[in-house]
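This report looks at ring contacts and at a pocket in a protein model. Please have the sequence and the structure at hand while reading.

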Amino acid sequence: MDLGAVLRDTVRRYHDPQVQRLSVKVSGCPNACAHHWTAGLGFYGNVRKIDGKAVPYYQMLLGGGYDEQGLMRFGLAVQSIPVRLAPEAVSRVLDHFMAHRQPGESFRQYVTRQKVETFRELTGDLAKPAGCAP
């Protein structure tokens, strides 16, 4: 699965200019090869054992990028999501952004205002869904 292409297609379904401008960076490497920490939507690969089987997961990071003062900021590490459910996690976050942002608020400002717990609650059921083992 080319997660980067799938997430790009997920973002493109939103016609909002703020969403369209979000950077999406994905890597199977936790060593920041794709600069996932600096993306609006960043993901890096990891693996979890579920029922004795290795299941591919990605750590989801939100709100990375330049702030209003031009300083690069790392995104918030939300939680690991099974790779097959990452598009659903992104859709939930973007739907929440569209419904709860304040006028003129950037995605980064929204993420910072909401705090990591909001996003963990939005995607918590995806972290270890029933039947997630291959």
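This is a predicted model: local features need pLDDT of at least 70, side-chain atom pairs count only at pLDDT 80 or more; totals for chains, interfaces and linings use all residues.

## Aromatic pairs

The structure holds 4 aromatic pairs. One of them joins phenylalanine 97 and phenylalanine 107 in an edge-to-face arrangement, with 5.2 Å centre to centre and 85° between the planes. Phenylalanine 97 belongs to helix 3 (residues 86-100) and phenylalanine 107 to helix 4 (residues 107-114), so this pair ties together parts that are 10 residues apart in sequence. Both phenylalanine 97 and phenylalanine 107 are buried.

Phenylalanine 107 also pairs with tyrosine 110; here the rings are tilted, at 5.8 Å centre to centre and 40° between the planes. These two residues both lie in helix 4, 3 residues apart, which is about one turn of the helix. Tyrosine 110 is buried, as is phenylalanine 107. Ring pairs link Phe97, Phe107, Tyr110 and Phe119 into a cluster.

## A charge over a ring

Phenylalanine 97 has a further contact: arginine 101 lies over the face of its ring, 4.8 Å from the ring centre.

## The largest pocket

The largest pocket has a volume of about 260 Å³. It is lined by 13 residues, and those closest to its centre are Gln18, Arg21, Leu22, Phe107 and Arg108.

Strand 4 (65-66) and helix 4 each supply at least two residues of the lining. By class, the lining has 8 polar, 3 nonpolar and 2 charged residues.

How values were computed:
Residues are numbered from 1 along each chain as its sequence is written. Side-chain values use heavy atoms; hydrogens and water are left out. Rings of Phe, Tyr and Trp (its six-membered ring) pair if their centres lie within 6.5 Å; planes under 30 degrees apart count as stacked, over 60 as edge-to-face and the rest as tilted. Helices (H or I, at least four residues) and strands (E, at least two) are DSSP runs, numbered from the N terminus. Buried means under 20% relative accessible area, exposed over 50%, partly exposed in between (1.4 Å probe, protein chains only). A charge sits over a ring if NZ of Lys or CZ of Arg is within 6 Å of the ring centre and within 35 degrees of the ring normal. On a 1 Å grid over the protein atoms alone, a cavity is a set of points where a 1.4 Å probe fits but cannot get out, and a pocket is an open set with protein on both sides within 12 Å along at least five of seven lines; lining residues have an atom within 4 Å of a point. Grid points are joined across faces, edges and corners, and a volume is the space filled by probe spheres set on the points. Ala, Val, Leu, Ile, Met, Phe, Trp, Tyr, Cys and Pro count as nonpolar, Asp, Glu, Lys and Arg as charged, and the others, Gly among them, as polar.
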